[in-house]
Amino acid sequence: MAVKPNGGERRDKLNKSGAPAFSVNDEIRRNRRLRSAGRRRDAKRRAAPFAAAALCVAVCLVLICVIFATVFRVESVAVSGNIRYTDGEILTASEIETGDFMLFMGKDKLQSRIISACPHIETVELVKTFPSSLEIRVTETGAVYYTTVRDRICTLDSALRVIECTDTVEKLTELRLPEIRSAIEGSALLFADEGEEAYVKAALGLLGEADDLLSFDCIDLRDRYNIKAYSGGKAEVLFGDSEDLGVKLQMARRVYAEALAEKSSGTRIDVSEPSRVSVSYDQVINYSKD
């Protein structure tokens, strides 16, 4: 029979007498377990409000997504501002259909689609009336100029966007332009030399303006150093280069007013050198085959 250490014998005696037998180590371990359980309870108590808040946020997000997905859908679309095009043509071009999600529907892509299909439209505005109504407001443009591109006559708006190819050019100003690379309906003219675009638009910003005294029905911008313009078969103005074009135009108007006072049947005005303006009266102004 094995001999137990004194501590073991004492524990056996205590056990036999019914009293609990705990060592110091047992007490330490028990205290550690109690402290650990207490810390876990405290942590759970502190985390409970945050967990509840996170759950509420998640539920709200789910509800919002469900509302967006089911409520903000297109049910009706109205079109306004159109004259040349029917509502149906514009709606077809817009590619908007009943049931489309309208919240993030953007204007830029919509405008691009509509203008590509309906080149007489200049601007598009998208008005959303939540939860389910849309209005497409359009502004139609009018042709201001026309030019000839590879034996095709193209009408243009004030921004040199091609409206259509047609022979109907009554009351439009003829433009004779530098070489054009592309003329597509609904898009701006593309010049063979990209630098020509800025020059042409700057010149037209001055020469293209209507004026009761001297308005041009033909503007020749093919050579930036030899700009010419014609007015109703009654006047030809030689501007030379594009430098000080605004000053030259004002001088030409003053000279033309004097020519009208002299009852000139046709007036040729040279303002290419503003310091030496020359004018010829009773000239034959013929530019149709120039």
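Reader: Hi! Leaving aside neighbours within four places in sequence, which residues is Glu-174 in contact with?
Author: Glu-174 is in contact with Tyr-146, Asp-217, Cys-218 and Ile-219, where contact means heavy atoms within 4.5 Å. Please keep in mind that this is a predicted model, where local features need pLDDT of at least 70 and side-chain atom pairs count only at pLDDT 80 or more, while totals for chains, interfaces and linings use all residues. Residues are numbered from 1 along each chain as its sequence is written, and side-chain values use heavy atoms, with hydrogens and water left out.

Reader: Is Glu-174 buried or exposed?
Author: Glu-174 has a relative accessible area of 17%, so it counts as buried. The cut-offs are under 20% relative accessible area for buried and over 50% for exposed, with partly exposed in between (1.4 Å probe, protein chains only).

Reader: And which strand does Glu-174 lie in?
Author: Glu-174 lies in strand S7, residues 173-176. Strands (E, at least two residues) and helices (H or I, at least four) are DSSP runs, numbered from the N terminus.

Reader: Which way do the S7 residues point?
Author: Thr-173 and Leu-175 point one way, Glu-174 and Arg-176 the other way, and all are buried. In a regular strand the side chains alternate between the two faces of the sheet. The side chains of Glu-174 and Arg-176 are also joined by a polar contact of 3.1 Å. A polar contact is a pair of N or O atoms within 3.5 Å; within protein, one must be able to donate a hydrogen and the other to accept it, and residues adjacent in sequence count only if both atoms are side-chain atoms.

Reader: Nice. In what sense do S7 and S10 pair?
Author: S7 and strand S10 (residues 218-220) pair in the parallel sense over three bridges, with Arg-176 opposite Asp-220. S4 and S7 are parallel too, over two bridges, and Tyr-145 has Thr-173 as its bridge partner in S7. Two strands pair if DSSP finds at least two bridges between them.

Reader: How many strands form the open sheet, and in what order?
Author: Nine strands, in the order S6-S5-S4-S7-S10-S11-S12-S13-S14, with mixed pairing. The edge strands, each pairing on one side only, are S6 (162-165) and S14 (278-280). Strand S13 (residues 267-270) pairs with S14 in the antiparallel sense over three bridges, and Asp-270 stands opposite Ser-278 there.

Reader: Switching topic: how many residues are in the largest nonpolar core?
Author: The largest nonpolar core has 34 residues, and those with the most contacts inside it are Phe-216, Leu-221 and Phe-239. Such a core is a set of buried Ala, Val, Leu, Ile, Met, Phe, Trp, Tyr and Cys residues joined through side-chain atoms within 4.5 Å.

Reader: Which elements supply at least two residues of this core?
Author: They are strands S4 (145-149), S5 (152-156), S11 (227-231) and S12 (235-240), plus helices H5 (195-207) and H6 (245-261). H6 gives the most, with six residues. A second, separate core of 19 residues includes Met-102, Ile-115, Ile-136 and Val-138.
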